[in-house]
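Good morning, and thank you for coming. Please look at the sequence and the structure as they come up on the screen.

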Amino acid sequence: MTSKQRAYLRSMASQIDTIFQIGKGGISEEMCKQISNALDARELIKLRVLDNAEYMPREAAEEIAEAVDAEVVTVIGTKFVLFR
């Protein structure tokens, strides 16, 4: 993904709401299936890592992206954006 594509996706992501939250339950197979379904429907989704999660946002983003065959667009604070 080029930097221009990434910048365009980041600008689109600023308009959308967070639809998934990763909490103390961590990242489960069922959550990955739901995220994959959401990516099929929307292509671009925003997720959030709660304070009580055992993951750092970058770790969670990379693990989920690998599990659902997506790309991490950006990680800012506790939120991150995935694209497929």
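I shall begin with the overall fold, then turn to one helix and to the packing around it.

Please bear in mind that this is a predicted model. The protein chain holds three helices and four strands, and along the sequence their order is α-β-α-β-α-β-β. With a radius of gyration of 12 Å, close to the 12 Å that the globule rule gives for 84 residues, the chain is as compact as a globular protein of that length. Of those 84 residues, 39% count as buried.

Let us now consider helix α2, residues 29-42. Which residues of α2 are buried? They are Met31, Cys32, Ile35, Ser36, Ala38 and Leu39. These cover an arc of only 160° around the axis, which places them on the same side of α2. In general, an α-helix has 3.6 residues a turn, so residues three or four places apart point the same way. The face of α2 turned away from the buried side carries the exposed residues Glu29, Asn37, Asp40 and Ala41. Just after the helix, Glu43 adopts a positive phi of about 75°.

What do the buried residues of α2 pack against? Their partners are β1, β2, α3 and β4.

Finally, the cores. The largest nonpolar core has 22 residues, and Ile22, Ile35, Ile45, Leu47, Ile64, Phe80 and Leu82 touch the most other members. Two or more residues of this core come from each of β1, α2, β2, α3 and β4. Apart from it lies another core, of five residues, including Leu9, Ala13, Val73 and Val81.

Terms used:
Residues are numbered from 1 along each chain as its sequence is written. This is a predicted model: local features need pLDDT of at least 70, side-chain atom pairs count only at pLDDT 80 or more; totals for chains, interfaces and linings use all residues. Side-chain values use heavy atoms; hydrogens and water are left out. Buried means under 20% relative accessible area, exposed over 50%, partly exposed in between (1.4 Å probe, protein chains only). The arc is that of the directions from the helix axis to the C-beta atoms. Contact means heavy atoms within 4.5 Å. A nonpolar core is a set of buried Ala, Val, Leu, Ile, Met, Phe, Trp, Tyr and Cys residues joined through side-chain atoms within 4.5 Å. The radius of gyration is taken over C-alpha atoms; the globule rule is 2.2 Å times the number of residues to the power 0.38.
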